Amino acid sequence: MKRKSNHFILAIIIGLILSLVVLGVEFLIKEESNERYGNRDSEIYKVIQMKTLTELIYEASSQIYKGPGANEGKIAYITIDDGPSKYTNQILDILDRNNVKATFFMLDGNMKKRPNEVERIALDGQGVGFHSVSHDIRVLYKTPEITLEEFDTCKETYKNITGKESKLIRLPYGSKPYTPENSYKILVDNNYLMWDWNLDTEDWRATTDKIVSNVLYYGRNRSNLVVLIHEKEQSVKALEGVIKVLKNRGYVILPIDENTQPLNYWSENL
Ligand SMILES: [Zn+2]
């Protein structure tokens, strides 16, 4: 009898432990998705993720508000980081075909490796900016002087190739939280115009369809978009879809130039 009741108590204890583990795991999964997508929006996000590229583009087109002034003030900047690369010509062809211009934030070494692509970017009238030499925050932020030197080097490389100049920059991994104040200040004091983003397509780890659905999801209800993409195979495949979604939602797609007020995390205007 005693043995039996001991077994019974043991079974209850094991049962309780198992329930707690299950509840704990469910809580953690929920927290993770809430953190990324926001509590209320996680359901919408799941629905968007399940759609095909064609459905996504079609849906964006059905959402256009066609009343007077529908497009007023809605601007999207497509920004392309880490190039030039073996994909740059394809990207430029897609931009041409769709009659839009993007902005390329280029790495010094890649410009030196692919001067023809740099020239074409400049000739096509695309926006041009720089993205550092090292792309390594441990090197780039060692001292403010090194930070400035990296962007000055990029500027010189670009000038050597095209004879043109640019003051636009994008810091690797964004200007916050990694950039020390002294590095930020020295760049601004030297008239560099710093650009971050407010729509991360997460293309470095996403499929083509997911990149487009990320633009739909993260871009909703925003009048100004700075879209971050990289020179990756899946991003090239998604680019036409991204352009269509943005156009269908009524955005005018523009390249960034030096007269555009820079949008970045320090100015808190993103
Ligand atoms: Zn980068």
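Strand 1 (residues 75-83) and strand 7 (residues 224-230) run parallel and are joined by 7 bridges; strands here are DSSP runs of E with at least two residues, helices are runs of H or I with at least four, and both are numbered from the N terminus. Strands count as paired if DSSP finds at least two bridges between them. The model is a predicted one, in which local features need pLDDT of at least 70 and side-chain atom pairs count only at pLDDT 80 or more, while totals for chains, interfaces and linings use all residues. Residue numbers start from 1 along each chain as its sequence is written.

Between strand 1 and strand 2 the chain passes through helix 4 (residues 88-97) in a right-handed β-α-β crossover (right-handed if, with the strands pointing away from the viewer, the path from the first strand over the helix to the second runs clockwise). Strand 1 is mostly covered, with 7 of its 9 residues buried; buried denotes 20 or more other C-beta atoms within 10 Å of a residue's own, exposed 12 or fewer, and partly exposed anything in between, with C-beta atoms placed from the backbone.

Most residues other than glycine have a negative phi, and most peptide bonds are trans. A cis peptide bond, however, joins G83 and P84, with omega about -5°, and P84 lies in the loop between strand 1 and helix 4. The bond from K176 to P177 is likewise cis, with omega near 5°; P177 belongs to the loop between strand 4 (168-169) and helix 9 (181-189). S132, not a glycine, has a positive phi of about 90°. This serine sits in the loop between strand 3 (127-130) and helix 7 (137-140), and S132 counts as buried because it has 23 C-beta neighbours inside 10 Å. E202 also has a positive phi, near 55°, and is found in the loop between strand 6 (199-200) and helix 10. With 15 C-beta neighbours inside 10 Å, E202 therefore counts as partly exposed.
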